[in-house]
Each structure stands twice: as structure tokens, then as C-alpha cells.
Amino acid sequence: MESKTSEHSSEDLCSEEAATGSDHEAGGEQGARLCDPFLDQLVGLMHHGNVKTIVKHQEHILGTLEVANQKLSSLNAISEEKFQNLAGEFRHNTRTLAAMKKDLDSIFRRIRSLKTRLAAQYPQGYKAAVEQLQLTDEELQ
């Protein structure tokens, strides 16, 4: 009705809306309410060429937005696929790291146990070995 609006007078609009019953109120007041001076001024301000230009711009913007929407949808699909791949790798790597930590904890626990047993069985030899390691560490620094 946008392009029709610019081609019709306010009387045509009033009779057309009254006939279709598109006004919110019922009864004979429809035509009287729509045919006021404000509507006459509004119809007088609208030019058919301006409406066509506005519609053209809106169609162009709609086309641009549809293309952008398609591109964003494609990007979202690609991102989702990449995310799923990386999430799987991340879970795998997390499990690997957890297993490695568990193994290292076990190794260090065994080393501490061995150190304790060696210190108990061979106190002088253990003390000499510890002093030797301290000297070696000092030389490296």
C-alpha cells in the first residue's frame, strides 16, 4: 500500500480503509477519523518518486543483509566444525596430560621411597652421594 498511498488522495485512502475495515475501531466513525487534516497533509508530503527510491534502497539493503547473513551462517558452520575438531583434540590432550601427571607422580613417589630406603640402609653412602650432587649443582650454576 506504500506505492498506492502516494498515488491516491486522502479521500481515496479514507474510503478504501473504511471499506476494508482496517481501522481499529468499528462503526461509522472510521471514515471521519481517517479523513482529518493531518492525513491530507501527510498524503500531500509523499511523492511517488521518493517512495520508489526508498523502496529501492530498502531492497538493496535487504539484499546486502541477506548476503551478509549467508556469509555469517557459512562462517558459523565452519567455526562449529573447527570447534568440534579442536574440542576433540583438546579432550585427548587433556587426558594425555592427566595420564602423564599420574605417571610422574608415581615415579616421584617411587624415587622418594628409594631415597628413604637408601638413607636407612646406607646412611654414610647416601650422605656422601647427596654432598656430591650438591657440589655438582653448585658447579653448574
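**Charges and patches**

Modeller: Asp105 forms a salt bridge with Lys101. This is a predicted model, where local features need pLDDT of at least 70, side-chain atom pairs count only at pLDDT 80 or more, and totals for chains, interfaces and linings use all residues. Residues are numbered from 1 along each chain as its sequence is written, and side-chain values use heavy atoms, with hydrogens and water left out.

Biologist: How far apart are the closest N and O atoms of Asp105 and Lys101?

Modeller: A salt bridge here is a side-chain nitrogen of Lys or Arg within 4 Å of a carboxyl oxygen of Asp or Glu. Asp105 and Lys101 are four residues apart in helix H5, so about one helical turn separates them. (Helices are DSSP runs of H or I, at least four residues, numbered from the N terminus.) Their closest N and O atoms are apart by 3.0 Å.

Biologist: Is Lys101 buried or exposed?

Modeller: Buried means under 20% relative accessible area, exposed over 50%, partly exposed in between, with a 1.4 Å probe and protein chains only. Lys101 has a relative accessible area of 53%, so it counts as exposed.

Biologist: Which residues make the nonpolar surface patch?

Modeller: Patch residues have over 30% relative accessible area and no salt bridge, with nonpolar side chains (Val, Leu, Ile, Met, Phe, Trp, Tyr) joined within 5 Å and like charges within 9 Å. Ile107, in helix H5, is partly exposed because its relative accessibility is 38%. The patch covers about 340 Å² and is made by Leu104, Ile107, Phe108 and Ile111.

Note on methods
Helix = DSSP H or I, 4+ residues; strand = E, 2+ residues; numbered from the N terminus. Areas by Shrake-Rupley, 256 points an atom, 1.4 Å probe, with all protein chains shown as cover.
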